[in-house]
Amino acid sequence: FALQMPERMAAIEAACSVREFETLEALAHWLKGSGGTTGYDAFTAPAKRLEELAKANSEQVADAVAQLRRIVDRLVAPDETPSLAQTS
């Protein structure tokens, strides 16, 4: 999840910039479910808000996207280097 978020966040921001509400809704729905499922509960409520705003074609989507950006910027992705246990 953490490794996917920079790319997913870029897609969210791109959809927001051109007001692709349907795409935003789908991305927010994915984020709402995936964040909580993988232990990143901080994404659930903001993603739900973005999904609802996108459904309503609300101009407030930019604020919701900015909130998600702040969370993503604090996200620490796990080290991709395999541990000794994974290599044996």
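One thing before I start: what you see is a predicted model.

I will begin with H1 itself. The helix runs over residues 5-17, which makes 13 residues. At 1.5 Å a residue, a helix of that length should span 18 Å.

Next, which residues of H1 are buried? They are Met5, Met9, Ile12, Ala15 and Cys16. Looking down the axis of H1, these buried residues fall within an arc of 125 degrees, and therefore they line one face of the helix. On the face turned away from that buried side, H1 carries Glu7 and Ser17, which are exposed.

What covers the buried residues of H1? The cover includes three helices: H2, residues 21-37; H3, residues 44-55; and H4, residues 61-74. I will take H2 from that list.

As a reminder, a pair of packed helices is described by the angle between the axes and the distance between them. For H1 and H2, the angle is about 150 degrees and the axes are 9 Å apart. The cut-off for roughly antiparallel is over 145 degrees, so H1 and H2 count as roughly antiparallel to each other. The crossing of H1 past H2 is left-handed.

Now the residues that meet in this pair. From H1 they are Met5, Arg8, Ala11, Ile12, Ala15 and Cys16. From H2 they are Thr23, Leu24, Leu27, Trp30 and Leu31. Going back to the burial list, Met5, Ile12, Ala15 and Cys16 are buried residues of H1, and these four are also among the H1 residues that meet H2.

Just after H1 comes arginine 19, which sits in the loop between H1 and H2. Arginine 19 has a positive phi of about 60 degrees, although it is not a glycine. Is this residue buried, exposed or partly exposed? With a relative accessible area of 33%, arginine 19 is partly exposed.

Asparagine 57 is not a glycine either, and has a positive phi of about 50 degrees. Its relative accessible area is 46%, so asparagine 57 is also partly exposed.

To close, H1 has a buried face and packs against H2 in a roughly antiparallel arrangement, and arginine 19 lies in the loop between them.

Note on methods. Residues are numbered from 1 along each chain as its sequence is written. This is a predicted model: local features need pLDDT of at least 70, side-chain atom pairs count only at pLDDT 80 or more; totals for chains, interfaces and linings use all residues. Side-chain values use heavy atoms; hydrogens and water are left out. Helices (H or I, at least four residues) and strands (E, at least two) are DSSP runs, numbered from the N terminus. The expected span of a helix is 1.5 Å times one less than its number of residues. Buried means under 20% relative accessible area, exposed over 50%, partly exposed in between (1.4 Å probe, protein chains only). The arc is that of the directions from the helix axis to the C-beta atoms. Contact means heavy atoms within 4.5 Å. Axes are lines fitted to C-alpha atoms, for helices over the stretch in contact, and angles run from 0 to 180 degrees between N-to-C directions. Angles under 35 degrees count as roughly parallel, over 145 as roughly antiparallel, 65 to 115 as roughly perpendicular and the rest as oblique. A crossing is left-handed if the near helix is turned anticlockwise from the far one by less than a right angle, and right-handed if clockwise.
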